Amino acid sequence: MNIAIIGAGASGMTAALQAAWRGARVVLFERNAAVGRKLLVTGSGRCNLTNDAARAGAYACADPAWMETLLSGFGLRDLLDMLAEIGVLARKTPDGWYYPISESAAAVVDAFASALERAGVHLRLESQVTAIRPRGAGFGVHYLRGGREAEEPFERVIVAAGGKAYPSLGSRGELFAALAELGHTVLPLRPALAPVLAELGSLKPLQGQRLDVGASLWRGSQRLAATRGNLIFTEWGLNGPAVMDLSHQVSAHAGERLELSLDVLAFCQAEFDGLLAARRASDLPLRVLLEAFLPPKVALTYLKNNRLDPDLALRQASESGLARLKAALNDTRLAVKGVRDFEYCQVSAGGVPVTEADPRTLESLRVPGLHLCGETLDVVGPCGGYNLQYAFSSGALAGRAAARK
């Protein structure tokens, strides 16, 4: 089987290995001068490979059952076995996140590059594919390399060219036009896992602060989504997994009036309530109560915003004042202005709906012999290795299926 794979990211390299290991002749096209450039920046350079909680319900796509089928075909254990096969051993953190023992994304990319060479995969680096044309029982892959145009025939093609996240690393979504010409639906691309632009208002003094929160996105009285995680206050809004996991919903409702609700006690509500009840009649100052759970700057900002003296003893605090404070701690509303653009997001949403590909083989349901994987399909998972698990899984199933006679 003669197979072209377009894109040498996580899904493309996995597809190439799986196909080559099964005897196929594989040509891997990559517009960059080296493979795995986006993989190098994952996990802040540590490469968060996958997550114990990477199950179908964690992903946003058109059909949860589709994702269930895909992950049952190549799941976490399959991924760890494949990584071990190429020389990457993983270690799990207490919260279920997996990293290479080396904690080096560069080491993971090097292992993939070595495995591709040993498997006999033919690399076409610095080659930009511009068109995929049906040709007889297969395809002609048209590409630019060194300023010259060329076209090669293939029996099957796997598109793993990515979306538009990190365009500086080569993902610009330029191949979607070719997929549309072949008859696929292409949903508009939009940022996902992106920082959120928001009006901080009275929380402006917290710029630079980091804390764990619960976050939910509201459109009027409708809660669109909710998550929990780490949050960073910035000069333009909010960053960190707590809001990045909501960002695909923000970009999906661009131009609408949205609010973000922050619950800064989400991870310690029971302990806060217990300490408050136990010391309600004591001389414990309000600031000391809050500083038991929050950084001093956060505690003092919330007290100031709610017109409460930081040194006021709990026994002297009014019920209405405490109620006002607790309401703010559990539900601070910030106006959302949008998300940062593709240069700052980790993945992009949009592309081809999953309902146009077979979840067992990733073969197109509209163009036989064409397989779609990775960010080519409209799938978004939360921070924490979910999106890499999906990329590896979809690439593996596509590569295996394409190699079959």
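Residues are called exposed when their relative accessible area is over 50%, and buried when it is under 20%. These terms are applied here to a predicted model. The protein chain has 405 residues, of which 55% count as buried. Its secondary structure consists of 12 helices and 19 strands. Along the principal axes, the C-alpha atoms fill a box of roughly 85 × 40 × 40 Å. Among contacts between residues at least 6 apart in sequence, 71% join residues at least 24 apart.

The largest nonpolar core comprises 78 residues, and F112 and L377 have the most contacts inside it. Helix α12, spanning residues 386-403, gives the most to this core, with 10 residues. Apart from it lies another core, of 49 residues, which includes L211, L217, V243 and L262. With neighbours within four places in sequence left aside, F112 is in contact with M13, T14, L17, L39, M82, L83, I86 and F392.

F112 is one of the buried residues of helix α4, together with A105, V108, V109, A111, A115 and L116. These residues lie on the same side of α4, because they cover an arc of only 155° around the axis. In an α-helix there are 3.6 residues a turn, so residues three or four places apart point the same way. On the other side of α4, the exposed residues are D110, E117 and R118. The helix itself runs over residues 105-118 and has 14 residues. From its first C-alpha to its last, α4 reaches 20 Å, close to the 20 Å expected at 1.5 Å a residue. The cover over the buried residues of α4 includes the helices α1 (10-21), α3 (76-86) and α12, as well as the strands β2 (25-30) and β5 (97-100).

Strand β5 contains P100. The relative accessible area of P100 is 2%, and this residue is therefore buried, the limit for that class being under 20%. Not counting residues up to four places away in sequence, P100 touches V108 as well as R46, C47, L49, V88, L89 and A90; V108 is itself among the buried residues of α4. P100 and R190 are 90 residues apart in sequence, and their C-alpha atoms are 30 Å apart in space.

The loop between β5 and α4 holds E103. Phi of E103 is near 50°, a positive value in a residue other than glycine. E103 has a relative accessibility of 38% and so counts as partly exposed. A positive phi, near 50°, is also found at E126, another residue other than glycine. E126 lies in the loop between β6 (122-125) and β7. At 52% relative accessibility, E126 counts as exposed, because the threshold for that class is over 50%.

Strand β7 belongs to an open sheet of three strands, in the order β7-β8-β9 and with antiparallel pairing. The edge strands of this sheet are β7 (127-135) and β9 (148-154), each of which pairs on one side only. From one strand to the next, the twist averages 25°. Strand β8 (residues 138-145) pairs with β9 in the antiparallel sense over seven bridges. The bridge partner of Y143 in β9 is A150. Strands of a sheet pair through backbone hydrogen bonds, either parallel or antiparallel.

Terms used:
Residues are numbered from 1 along each chain as its sequence is written. This is a predicted model: local features need pLDDT of at least 70, side-chain atom pairs count only at pLDDT 80 or more; totals for chains, interfaces and linings use all residues. Side-chain values use heavy atoms; hydrogens and water are left out. A nonpolar core is a set of buried Ala, Val, Leu, Ile, Met, Phe, Trp, Tyr and Cys residues joined through side-chain atoms within 4.5 Å. Buried means under 20% relative accessible area, exposed over 50%, partly exposed in between (1.4 Å probe, protein chains only). Helices (H or I, at least four residues) and strands (E, at least two) are DSSP runs, numbered from the N terminus. Contact means heavy atoms within 4.5 Å. Two strands pair if DSSP finds at least two bridges between them. Axes are lines fitted to C-alpha atoms, for helices over the stretch in contact, and angles run from 0 to 180 degrees between N-to-C directions. The expected span of a helix is 1.5 Å times one less than its number of residues. The arc is that of the directions from the helix axis to the C-beta atoms.
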